[in-house]
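I opened a notebook page for this structure. The entries below follow the order in which I looked things up.

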Amino acid sequence: MWEVLARLVYMKFLHTSDWHLGRTLHGADLYDAFILWCDHVVELARTRNLDAVLIAGDVFDRGIPPIAMVQVLSETLQRLSQYTTVILTPGNHDAPTRLGFTAGLLKDEVVIASDPRLSGKPIDICRDGELVGQVYALPYLEPDVDRVRLAADPEKPLARSHEAVVSAAMELVREDIVAHPDVDVPRVVMAHEFVVGGEPSDSERDLHIGGVDSVPSAVFDVSVDGKSMIDYVALGHLHGPQQVSEKPLMRYAGSPIAFSFSEEHHHKSTVIVTIDRPGDSPEIELVPAPIYRPLATIRGTFEELLSEQFAGYRNHFVRVYVTDIDRPPRMVARLRQRFPHLLEAHHDIPLRHIQTQEISLSRTRPIDVLTEFFTSAGGRELHANERDLIISQWENLTKGEN
């Protein structure tokens with residue numbers, strides 16, 4: 001019986017990030033993909049008895065999002081608030097002031113945490129009126145701005161680095177925890193940063209990897225009297241779902257949609273986290289995200305690509321590499337007839353790098369040297385019309401010298 005009662009005391013939430021509402025994929029409209037994703041999140045909130053939904057930064061793809069995407073987010077937050085508490089923070093793509101301008105007007109079920117100076121003020125997560133957890137929400141921290149705002153003395157700014165400003169924000173968290181020793185519930189930190197050990201992809205922009213732009217995972221470990229006080233760190237920014245650290249457990253939720261071909265093999269998912277009691281290892285459940293349209297990179301001769309061998313990719317977003325020596329006429333237009341959702345088409349000629357000494361020194365006529373060069377570099381013998389073109393151009397050039 002006691003075991004059953006103990007199991008009833010837990011915090012259960014959904015960790016998401018990097019929705020990037022409004023983004024396109026090589027010009028392709030992703031509106032329907034965003035609607036599919038939002039419906040998925042609302043359904044999880046409705047059916048999985050979640051105490052909270054976390055969105056760890058980059059809700060929108062840019063500071064001034066399309067009106068349609070503002071409406072999508074507004075409707076989604078209204079629907080989610082019927083079932084759970086929603087906490088969202090701006091990332092490096094969002095404009096904190098614009099995203100957070102209504103923060104003081106929102107009801108308890110929707111919290112926008114956009115002020116880094118409030119990083120040490122926890123957001124209480126309650127179920128049936130009982131406190132079951134606390135979330136410390138750190139918005140994306142911009143070193144050039146927050147090194148002054150978060151400094152103990154504004155006349156002495158912090159170092160111009162992500163590690164410095166995140167450390168200062170986490171010090172605010174530590175101070176709050178120390179000031180409330182009677183609070184005994186799981187504690188979660190949200191952050192939108194590149195943490196050392198994370199694996200980036202091509203679609204993350206505007207936050208450089210390495211050096212002063214990275215943050216050691218140890219920065220998020222708040223200990224009091226040798227006891228770790230943070231049970232989970234919900235990260236945003238990197239688009240591949242992954243675990244970064246074990247103590248405290250630190251994960252990137254990843255983006256719900258692939259925004260580049262470097263994410264072609266990502267297994268997009270949402271993270272349902274359950275924490276029974278403070279200090280217990282969180283229980284992680286990865287729920288596959290809905291796939292609007294899969295990505296695929298295909299390669300072959302033009303004849304192979306138009307054959308039944310690749311018919312299964314007709315409804316994919318595709319990147320195509322055509323390997324014929326000669327570029328097929330109307331290549332892109334004909335590929336698009338076969339693959340309506342073609343995003344990239346490349347003529348992948350098997351060129352090879354050659355050294356000057358590879359060209360036969362016995363060739364003394366310039367025309368022979370040019371012909372051998374094009375043959376070696378192009379991987380085939382020149383056609384008669386190609387050789388005639390080289391000869392005529394060479395003759396025109398030498399006439400000018402004479």
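This is a predicted model: local features need pLDDT of at least 70, side-chain atom pairs count only at pLDDT 80 or more; totals for chains, interfaces and linings use all residues.

**Entry 1**

I began with Arg-174 and Glu-171, whose side chains meet in a salt bridge at 3.3 Å, N to O. I count a salt bridge when a side-chain nitrogen of Lys or Arg is within 4 Å of a carboxyl oxygen of Asp or Glu. Both Arg-174 and Glu-171 sit in helix H6 (residues 162-179), three residues apart, about one turn of the helix. Helices (H or I, at least four residues) and strands (E, at least two) are DSSP runs, numbered from the N terminus.

Residues are numbered from 1 along each chain as its sequence is written, and side-chain values use heavy atoms, with hydrogens and water left out.

**Entry 1: the whole protein**

I found 10 helices and 19 strands in the protein. Of its 402 residues, 49% are buried. I then took the contacts (heavy atoms within 4.5 Å). Among contacts between residues at least 6 apart in sequence, 66% join residues at least 24 apart. The protein exposes about 20,500 Å², and carbon and sulfur atoms supply 51% of that area. These areas come from the Shrake-Rupley method with a 1.4 Å probe; for residues, only the protein chains shown count as cover.

**Entry 2: salt bridges across the sequence**

How many salt bridges does the structure hold? I have 13 on the list. Side chains of opposite charge can pair when their charged atoms come close.

One of the 13 salt bridges joins Arg-48 and Glu-285, with the closest N and O atoms 2.6 Å apart. This pair links distant parts of the chain, 237 residues apart: Arg-48 is in the loop between helix H2 (31-47) and strand S2 (52-56), and Glu-285 is in strand S16 (residues 283-288). Arg-48 is partly exposed at 23% relative accessible area, and Glu-285 is partly exposed at 32%.

I also looked up Arg-299 and Asp-348, which form a salt bridge at 2.3 Å, N to O. Arg-299 lies in strand S17 (residues 295-300) and Asp-348 in the loop between strand S19 (342-347) and helix H9 (366-378), so this pair ties together parts 49 residues apart in sequence. Both ends are partly exposed, Arg-299 at 47% and Asp-348 at 28%.

**Entry 3: cysteines**

I searched for disulfides, meaning pairs of cysteine sulfur atoms within 2.5 Å, and the structure holds zero. Cys-38 is buried at 2% relative accessibility, whereas Cys-126 is partly exposed at 42%.

**Entry 4: backbone details**

Which peptide bond did I note as cis? It joins Lys-247 and Pro-248, with omega about -10°. Pro-248 is in the loop between strand S13 (242-245) and strand S14 (249-252).

Asn-49 is not a glycine, yet its phi is positive, near 55°. Asn-49 lies in the loop between H2 and S2 and is partly exposed at 49%.

Asp-225 is not a glycine either and has a positive phi of about 55°. Its loop runs between strand S10 (223-224) and strand S11 (227-228). Is Asp-225 buried or exposed? At 81% relative accessibility, I put Asp-225 down as exposed.

**Entry 5: Ser-81**

I looked up Ser-81 in the loop between helix H3 (67-80) and strand S3 (85-89). Ser-81 is buried at 11% relative accessibility. From Ser-81 to Asp-108 the separation is 27 residues in sequence and 8.9 Å in space, C-alpha to C-alpha.

Key:
Buried means under 20% relative accessible area, exposed over 50%, partly exposed in between (1.4 Å probe, protein chains only).
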